[in-house]
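These are my notes from a first look through one structure. I began with the chain as a whole and then went on to single sites.

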Amino acid sequence: MASLTSKRALATRRLLSLILAISLSSRMFIIGEFHCNRGSWRKSILKGTKLWLTFGGIDGREGTVLLDDKPIKRFSFKHLVAILDHSADAITTVDKRLRFTFWNKGAERMFGWRTEEVIGREMSIIVPEEREGEFREVLRIVEEKGYLEGYQTERITKEGRTVPVEITLTAVRDEGGIEYSAIHRDISKRKKLERELQRSLNNLRKILNQTVNALASAMELRDPYTAGHQRRVTQLVCAIAQEMGLDEEMAKGTCIAASLHDVGKIHIPIEILATPTERLTEIELKMIKTHPRFGYEILKTIEFPWPVAEIVLQHHERMDGSGYPAGLRGEDILLQARILAVADVVEAMNSHRPYRSAHGMKKALKEISENRGLLYDPDVVDACVRVISEKKFQFDS
Ligand SMILES: [Fe+2]
């Protein structure tokens, strides 16, 4: 019994260092690691500041925290034990064999096990089976760094219920070897809120997609050719973006921009759109060239989380500055617009028009390869060629 009491006292002493460190920090992060040594702890890592904890004995005695030899906090052991025990967080320690040596009342409330049931038992009783491998990796980091904050994972209660938790882990070393202290915070409410936010976000995304589709459908009614073109260009743009390893968000924005890239043609008379370029008058040609700007004006009013309006504005820019409307060069053109430019040309050449048959994929690839680095971004051309030649990309409709 005496040995159990002294073990608990030692475990408590180790934890006090953690609690004190936290209470001494205005920003609630651990500022120091204290070492227990014959009734006193010392050493801190607060940028060269000396942080001392002097402690005369164990039960009922008072201690003082000194910062640069000035007393800044007095406390009694009983008081600190009460803080530990009644903390809303579950505070535990395990020895190097991962057996519990300390278990506060917060842990009893969170996990349902009573202190006397868990002391000496392996911590695997609260770790879900599928998390065991992960936990060993976490311990390796803690051993190396000394601590780990904000580790989000799951634990299981005595009844088998899963609790999402955020854990602050600290390695406590002294002559007795290593122990690990853990402060578990129940984050069920936060996770629930995150799920609700995610649901709202998904709903907003759905509404956004529906809005984009509605806009594209409105175009289809007026100009079926352009609507089909936008749909097919989007397929190729998405494939190129994936091939180039664009992050998910950037790829999503590029695909949305592709699906609306010719929306500015909505204000151009249909007869002009149906006339081959070489038969257009200069004024009509100029009119056609206004579509990126008109598209920009339409789309800039929608607060997309991506630069959709800017991508649309730049989709006829070319690497050598020969494009329109601004004659931008090279990397002044958004990467998303450089992708869209290549897919746009490939699709246009590969499609039938009312006044001509399709040039075919071979010719389209020849066009972009011959102008690789001149008109079109070389990386985009390479990705496009790989997607079509090696990955056998095909337009759906
Ligand atoms: Fe266009």
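Entry 1, the whole chain. I looked up burial first: 47% of the 397 residues of the protein chain count as buried. The model is a predicted one. I then noted the secondary structure, which comes to 15 helices and ten strands. For the contacts in the protein chain with a separation of 6 or more, I found that 49% are between residues 24 or more positions apart. The accessible surface of the protein chain is about 21100 Å², and carbon and sulfur atoms account for 53% of that surface.

Which residues are the protein donors of the iron ion? I listed D262 through OD, and H291, H315 and H316 through NE2 in each case. These donors lie 2.2 to 2.4 Å from the iron ion. Along the chain their spacing reads D-x28-H-x23-H-H. I placed H291 in helix α11, residues 291-299, and H315 in the loop between α12 (308-313) and α13 (335-350), so the pair ties together parts that are 24 residues apart in sequence. H291 and H315 are both buried.

Next I asked why the arrangement of the four donor atoms is irregular. The angles at the iron ion run from 81 to 166°. For reference, the ideal angle for four tetrahedral donors is 109.5 degrees.

I found H316 in the loop between α12 and α13. Is H316 buried or exposed? H316 counts as buried because its relative accessibility is 15%, and the cut-off for buried is under 20%. Leaving aside neighbours within four places in sequence, H316 is in contact with D262, H291, P292, G323, Y324 and D344. Two of those names, D262 and H291, I had already written down as donors of the iron ion.

Y324 came up again when I checked the backbone: the peptide bond from Y324 to P325 is cis, with omega near 10°. P325 lies in the loop between α12 and α13. I noted for comparison that most peptide bonds are trans.

Most residues other than glycine have a negative phi. I wrote down L98, which is not a glycine and has a positive phi of about 60°. L98 sits in the loop between β6 (90-94) and β7 (100-103). Its relative accessible area is 13%, so L98 is buried. I also wrote down K392, where phi is near 55°. K392 is in the segment after α15 (378-390) and counts as exposed because its relative accessibility is 62%.

How many aromatic pairs does a search of the whole structure find? The search finds three. One of them is W103 with F111, a tilted pair at 5.6 Å centre to centre and 40° between the planes. W103 counts as buried because its relative accessibility is 0%, and F111 is buried, also with a relative accessible area of 0%. Another pair is F393 with F395, edge-to-face at 5.1 Å centre to centre and 85° between the planes. Both F393 and F395 are buried. I then noted one aromatic cluster, formed by F100, W103 and F111.

Last, I looked for a charge over a ring. The charged end of K145 sits over the ring of Y147, 5.2 Å from the ring centre.

Note on methods
Residues are numbered from 1 along each chain as its sequence is written. This is a predicted model: local features need pLDDT of at least 70, side-chain atom pairs count only at pLDDT 80 or more; totals for chains, interfaces and linings use all residues. Side-chain values use heavy atoms; hydrogens and water are left out. Rings of Phe, Tyr and Trp (its six-membered ring) pair if their centres lie within 6.5 Å; planes under 30 degrees apart count as stacked, over 60 as edge-to-face and the rest as tilted. Buried means under 20% relative accessible area, exposed over 50%, partly exposed in between (1.4 Å probe, protein chains only). A charge sits over a ring if NZ of Lys or CZ of Arg is within 6 Å of the ring centre and within 35 degrees of the ring normal. Donors are N, O and S atoms within 2.8 Å of the metal (3.2 Å for Na, K and Ca); water is not among the atoms, so sites may look incomplete. Four donors count as tetrahedral if all angles lie between 85 and 135 degrees; four count as square planar and six as octahedral if opposite donors are over 155 degrees apart and all others between 65 and 115; anything else is irregular. Helices (H or I, at least four residues) and strands (E, at least two) are DSSP runs, numbered from the N terminus. Contact means heavy atoms within 4.5 Å. Accessible areas come from the Shrake-Rupley method with a 1.4 Å probe; for residues, only the protein chains shown count as cover.
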